[in-house]
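Student: I have a structure open and some questions about it. Can we start with the terms?

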Amino acid sequence: MDQNVENHERLEKLEGIGCSRKRREDPRFIQGKGNYVDDIKLPGMLFAVMVRSPYAHAKIKSIDTTKAKAHPGVHAVLTADDLKPLKLHWMPTLAGDVQAVLADGYVSFQNQEVAFVVADDRYVAADAAELVEVDYEELPVVVDPFKALLPDAPVIRPDLDGKNVGAHGARKHHNHIFNWQIGDKDKTDRAFSDAEVTVAQDMHYPRVHPCPLETCGSVASYDAIRGDLTVWITSQAPHVVRTVVGLLSSIPESKIRIISPDIGGGFGNKVGVYPGYVCAIVASIVLGRPVKWIESRSENLTTTAFARDYWMSGELAADKSGKIKALRVNVTADHGAFDACADPTKWPAGMFHVCTGSYDIPNAHVSVDGVYTNKFPGGVSYRCSFRVTEAVYLVERMIDVLAQKLNIDKAEIRKRNFIKYEQFPYLTPLGLEFDSGNYMPALEKVLEAVDYNALRAEQAQKRADPTCPTLMGIGITTFTEIVGAGPSKSCDILGIGMFDSCEIRVHPDGSAIARMGTISQGQGHQTTYAQIIASESGIAASQIAVEEGDTSTAPYGLGTYGSRSTPVAGAAVARASRKIREKARKIAAHLLEVSPDDLEFDLDQFKVKGDPAKAKTMKEIAWAAYNNVPDGMEMGLEAVDYYDPPNFTFPFGAYLCVVDVHKKTGETKVRRFYALDDCGTRINPMIIEGQIHGGLTEGFAVAMGQELPYDEQGNVLGGTLMDYFLPTSMETPHWETDFTVTPSPHHPIGAKGVAESPHVGSIPCFSNAMVDAFAHLGTTHFNMPYNSYRVWQHAKSLGL
Amino acid sequence: MIPSPFEYHAPTALPDVIALLSQYGDEAKLLAGGHSLLPMMKLRFAAPGHLIDLRKVAELKGISVVGSQLHIGAMTTENELIFSKLVAEHLPLLAEVARQIADPQVRYKGTIGGDISHGDPGNDHPAVMMAMDATFVLTGANGERLVKATEFFHGMYDTALTPGEVMTQIRIPIPAAGTGSSYAKLKRKTGDYATAAAAVVIRLQAGLCTQARIALTNVGPTALFAGDAAASLIGKPIDDVTITQAANLAMAICEPAPDLRGDEAYKTAMAGQMVERALRLAVAHVK
């Protein structure tokens, strides 16, 4: 056979990095054979539902569970009083605060957990929940974070009375959580005083919800004889859950098994620990039977982990040519009734300080105030790294505001401010080291692909025609993400460094099993991790089983969120594979009776340099690992790697969006969306494209429709899918995708992570397009979401 | 999302339905597809003790031409309207509106009679029935009676149906030559109720409008019959001037309830926009 053809066949069989391998997960999902938490059925299992508060702020005068307990089929009704002896009526949050597991004398948001009813099945439980009688005394409600900071604002957290210092420093008001600052304030203020031009813009990033298709839930099963606790749970971080459960319950982690089975989407919603999980565990321990708790859709949308709700004031100082001299940002962050943000411990505003973006801005200062309101807790990262969507939104909006002020084209002003290729690694004024980037070619490629000049010409023509029924807007973003949290020197959760892990065992027949500390929720880990191992170790991807999510078998890891699986666990996968390869090299040398240095690795075999006929395949080496290894070598072929990344990774992209807005109805058509992403080395281009389509669609949803508004009484409006916008294929625009490749210099295979870029990058792109549609009428900003109603109101306010 | 306990009945003949209705009275609700009723039951906004499923009553199904009318069984599903050759030939507006209701799954279950009888101003068929001058056959223990669509809707969830009655058939006159029709619906997303929608049926003869009927969805406690708006078109060409005038007259009768879809001003303005859009489409549809 021709040597090239043979090599090509071997390469194809390997299905390594760069191959658009079909997702190994899909056959079971598309045939309805997935195994989600609600599919778990155990002998004797009971079902629980939460009794929730109808009020946003109220004192609980009494709870009478008599009738509910007497209802046939009811096994237990838990309240805070039942959890108190176990000290489980409150639990710590990931943000250093505490959260009521079941309301302890008062409720501070609508739908707060008040009682937990355990019954034979979910029908009985739902009937009995209606029989729990709670006597509430309503209290004044505050849902606006600015009003919450007024001197006479209602006290949302009486349990914090007298505590003037929180987890992140001094609290200046009874509803204040923290003030966090970064950057050189004096230098930044001076740059503003000296500036030729300054612009300022207020913007609200509304409260939204990740809304995964599968809601949260768990099945807790305590074995009183063995003293073992097993919990099936919708978690993006099962090992962290095990540690938290161990801390709360005093059960050693060795007796706790947390299993994340198939997870139907997470997007940040499934990072935290929720009261329902804790109550299910307590109920199982108390009753000695497995207990299942599954959220309804409305419970998911109104109680477990919202995202965003940032009120941001941005300012830019620049010279007349549009060169930016300084960025100043003040944020009022509405965290709801308990601070349950999911951020690394030291970073109460996450990685918000990536807000200088892709631009060479010499001075910057950021100040963020966290505030309590009578709204449900959360503040998670919805398909983004910690608070990065907010940060990118701010800078990508501000640079457009500056462009409009100076009458500079919105593409041109970006080019004038880009960090240049030769400036990398680039230290930002807020202390981050951007590892790599190449922004100019990315933007130029996009502008050429869409014929930007022609689009601007068309827009000018339409603006000049008063009979044109639509307004045309063009949005551009050139964003930089920060993902792959993170280096343990700066990132931990509950004191545990944010490393991740991989363990690989090669079997005698040359097939292998690999386990990681991450957990796929749709990302396709089973597929892509196997490709990394294939390229790095020479074992065909089809011969590799990838397992995650069971803490009793997988090595400890911090989980999957913030696009960290590829940057962190993916690196551990590559390094563990290389350990396998190096041991294999020694075995091959032994078998071929040459020195290891005389061998070269060739796809799936080691061959003798200069004598390629003499070779041993990985399959042959694997067999020998169990019967014929060199003297002094341990048998077997296994490797473990715990990877603590030296830095974050910084994926970037250039996006362009064209919208047509109907002047009389506010209806908006996204005519074109062109997304160029650079995620470094591309492991599986097909999965990347799928991730980008998904992220763009969620970005479209956020920009054009998603929000969880509140009325003055603290009722959450829009807590069902009738109002909360989940786009279908009918609404979703057509996506055009493109890429450049700028590998990460510090990642073992140069990969950076991709799933969140399209969400982070697209939302400001939609905003920029919508504002651009009205820019000639003096608009510099109006807030999301751009549903027809809001757009019509804006058009009306301009006299259209 | 778990309903209160209820008893389920699935009669196979109309007299059995009537008997069950008289037996259980207020305790009973008719199940005619269930895409409005079941969500209300799951949210426990509705808790009927007895559900009478009409799915197995064969005489409530079917579409036929009788004289100059199309007769449609009340339990005909939205998809059966969409796929019906008789509907496509004689009443294309009916298929056009059905295609704009919810999503394919709902349209396989939801029925025209259920949509109308529910009395929800957000449902799409009521305005279309008014615009098409439909008549409903209501059957009870004392036999059948006929009620015009324009007289059927009394208020939110309140119709001419009396306890013990069931809507059995919808009768719609087949339009004369020169008629065009359309349904323009503004909605936030697939599956949503209309923010505002307009149903229009017009007849053009020698370039002038000789007949017109206009009705509006979800901008009042019931579907609204915009008689003045329609009358303003008679004897005139349908052009920018008359379209704007008709839209303004239609807006004048709107009294929408504010919600997340919009406030009163927006919904009223959108009713006008939808009347304009539907009129232009109806002119294009004239045959």
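Predicted model: local features only at pLDDT ≥ 70, side-chain atom pairs only at ≥ 80, totals over all residues.

Student: Ok, so is A:Ser250 buried or exposed?

Tutor: A:Ser250 is exposed, because 9 other C-beta atoms lie within 10 Å.

Student: And where is A:Ser250 in chain A?

Tutor: A:Ser250 sits in the loop between α8 (238–249) and β15 (256–259) of chain A. Its phi is positive, near 65°, and the residue is not a glycine.

Student: Why point that out?

Tutor: Because most residues other than glycine have a negative phi.

Student: What about A:Ala305, buried or exposed?

Tutor: A:Ala305 counts as buried, because it has 27 C-beta neighbours inside 10 Å. A:Ala305 also has a positive phi, about 50°, without being a glycine. Its place is the loop between α10 (297–303) and β17 (306–318) of chain A.

Student: New topic: cis peptide bonds. What is omega for the bond from A:Phe424 to A:Pro425?

Tutor: Omega there is near -5°, and the bond is cis. A:Pro425 lies in the loop between α12 (410–417) and β21 (426–427) of chain A. Another cis bond joins A:Met784 and A:Pro785, with omega about -10°. A:Pro785 is in the loop between α19 (757–774) and α20 (788–797) of chain A.

Student: Sheets next. What is the strand order in the open sheet of four strands in chain A?

Tutor: The order is β28-β27-β26-β32, and the pairing is mixed. β28 (544–548) and β32 (638–643) of chain A are the edge strands, each pairing on one side only. From one strand to the next, the twist averages 15°.

Student: How many bridges link β26 and β32 of chain A?

Tutor: Six, and the two strands pair in the antiparallel sense. A:Ser501 stands opposite A:Tyr642 of β32(A).

Student: Which strands does helix α16 of chain A lie across?

Tutor: Helix α16 (residues 565–592) lies across β26, β27 and β32 of chain A, at about 35° to β26(A). Helix α15 (residues 525–537) of chain A lies across β26, β27 and β28, at about 130° to β28(A).

Student: Last one, chain B. How many helices and strands does chain B have?

Tutor: Chain B has 12 helices and 14 strands. The radius of gyration of chain B is 19 Å, close to the 19 Å from the globule rule for 287 residues, so chain B is as compact as a globular protein of that length.

Student: What share of chain B counts as buried?

Tutor: Of its 287 residues, 49%.

Note on methods. Residues numbered from 1 in each chain as written. Chains lettered and ligands numbered in written order. Rg over C-alpha atoms; globule rule 2.2 N^0.38 Å. Buried ≥ 20, exposed ≤ 12 C-beta atoms within 10 Å, placed from the backbone. Pairing = 2+ DSSP bridges. Axes fitted to C-alpha atoms, helices over the stretch in contact; angles between N-to-C directions. Contact = placed C-beta atoms within 7 Å.
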